[in-house]
Amino acid sequence: MAIQFNFVSSMLILLLLTISSAKAQEAGGGGGGGGGGGGVIDVVAKFGAKADEKTDLRRPLLDAWKEACASTSPAKIVVPKGIYFLSTATLDGPCKAPIELQVEGTVKAPADPGAFKEPKWIAFNRIENFKLSGAGVFDGQGTTAYKRKGCEKHNFCGSLPINLRFDFLTNAMIQGVTTKDSKQFHVNVLGCKNITFEHFTVLAPGESPNTDGIHIGRSDGVNVLNTEIKTGDDCVSIGDGTKNLVINGVTCGPGHGISIGSLGLFKNEEPVDGVTVKNCTLTNTSNGVRIKSWPGAEPGTCSNIHFEDITVTNVSSPIIIDQKYCPWNKCKINEESKVKLSNISFKNIHGTSALPEAVKIICSATLPCENVELADIEITHNGPTGTAISQCSNVKPKVCGKQNPAACSAPVPANPTPTS
């Protein structure tokens, strides 16, 4: 859903991170200690971690991090195979040399949402040249949270913990690991530069609320490559301030698709500029590739967005720009969006739509979309209400190649069907 991470929330997070950094002595951050070291640090062999599902991994992990972070040569921390319990952990930098955390076991969070004082389970903060690797699983044990009163109505559940937070990292690689059943977002990326997710896996039930796979905000140079995401909300959600993002080779479904936004709800949102989504497959999702902004509310910009080589199978809204995004009727629906959209392309998108509205481009009447391109669209729908249709409002797209359905050939209803 990705709408609760607004400017005010970002400032609160910054305050919490400052406090967290001040406690780096406990977390092993700041590169303190005598230096030297390096090599491989096994949390079981050296620090007595126990794979018994009840002994807290927190202290062995923090002690290992403290030693590795203080090393003046590259260091690797290893969590071996086995099943571990981890209450919570924040791993702080800066560190003195490149550092890697290799997780081969399954790490489980407390099942009770009340066990968390902050909306995070495992956080990585202010680290440069970091790698998280292995075949391990971060299990958020979110089943109880999914049933919590209010969550099923998408009441944000903002107090629930995020499985993995990456805050203000530079030059990072997240490779091979799995995040499972987070109580809220699986991954949140904030203020990062040059961070790549590769062969990464997100697993959660389709009915799990507000469990975005990877949420990205105010970051530059993020890559999401060859990744599988199954969840109950957006597979990838892209917030304000995102620049130079590449999403390539992602399989999504179930979920709400790959979404930019929602934008324009909060003051002082930063521009979204330079997003490429390519070679992705979406199956049984409520949306395909999407840009969404709130009517009324606050100004913003979103430009240089390219969706290309996308396969959709039984997707409810395969191609969508929705500048009347208004979940739960919490908006000024009769006003126009103040977010300016420009330089947007949809190329070689093909497959099947679960609903007739295969293409829906609803732009702002006061700030019409500019330089939108539809090229080689082949999306079919077979249902009791007829074949696939294409709807456009406040936009004159450039059209080239095959167009099925015919571009902008259907009228837009006075009250378009809301999207989730």
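A residue counts as buried when its relative accessible area is under 20%, as exposed when it is over 50%, and as partly exposed in between (1.4 Å probe, protein chains only). By that rule Cys192 is buried, with a relative accessible area of 3%. This is a predicted model, in which local features need pLDDT of at least 70, side-chain atom pairs count only at pLDDT 80 or more, and totals for chains, interfaces and linings use all residues. Residues are numbered from 1 along each chain as its sequence is written, and side-chain values use heavy atoms, with hydrogens and water left out.

**The annotated histidine**

- UniProt, in an unreviewed entry, lists His256 under "active site"; its positions are given in the numbering used here, feature names are shortened, and annotations may be inferred rather than shown by experiment.
- His256 sits in the loop between β21 (251-252) and β22 (258-263); helices (H or I, at least four residues) and strands (E, at least two) are DSSP runs, numbered from the N terminus.
- With a relative accessible area of 11%, His256 is buried.
- Apart from neighbours within four places in sequence, His256 is in contact (heavy atoms within 4.5 Å) with Gly232, Asp233, Asp234, Ser286, Asn287, Arg290 and Ser420.
- For one of these residues, Gly232, the backbone oxygen is reached by the side chain of His256 at 3.3 Å.

**Salt bridges**

- There are 15 salt bridges in the structure, each a side-chain nitrogen of Lys or Arg within 4 Å of a carboxyl oxygen of Asp or Glu.
- One of them joins the side chains of Glu53 and Lys108 (3.5 Å, N to O). Glu53 lies in the loop between β1 (39-42) and α3 (58-70) and Lys108 in strand β6 (residues 106-108), so this pair ties together parts 55 residues apart in sequence.
- Glu53 is partly exposed at 43% relative accessibility, and Lys108 is partly exposed at 21%.
- Another salt bridge is formed by the side chains of Asp63 and Arg59 (3.1 Å, N to O). Asp63 and Arg59 are four residues apart in helix α3, which separates them by about one helical turn.
- Asp63 is partly exposed at 27% relative accessibility, and Arg59 is partly exposed with a relative accessible area of 39%.
- Asp220 forms a salt bridge with Lys193, their closest N and O atoms being 3.8 Å apart. This pair links distant parts of the chain, with Asp220 in strand β17 (residues 220-225) and Lys193 in strand β14 (residues 193-198), 27 residues apart.

**Disulfides**

- A disulfide is a covalent bond between the sulfur atoms of two cysteines; here the sulfur atoms must lie within 2.5 Å.
- The whole structure contains four disulfides.
- Among them, Cys69 is joined to Cys95 (S to S 2.1 Å). Cys69 is in helix α3 and Cys95 in the loop between β4 (89-92) and β5 (99-103), 26 residues apart.
- Cys69 is buried, with a relative accessible area of 0%, and Cys95 is buried at 17%.
- Cys363 and Cys369 form another disulfide (S to S 2.0 Å). The torsion about their S-S bond is about -100°, so the disulfide is left-handed. Both Cys363 and Cys369 are buried.
- Cys392 is joined to Cys408 (S to S 2.0 Å). Cys392 lies in strand β30 (residues 389-393) and Cys408 in the segment after β31 (398-404), so the pair ties together parts 16 residues apart in sequence.
- Cys392 is buried, with a relative accessible area of 15%, whereas Cys408 is partly exposed at 29%.

Technical notes. Polar contact = N/O pair within 3.5 Å; in protein donor to acceptor, adjacent residues only side chain to side chain.
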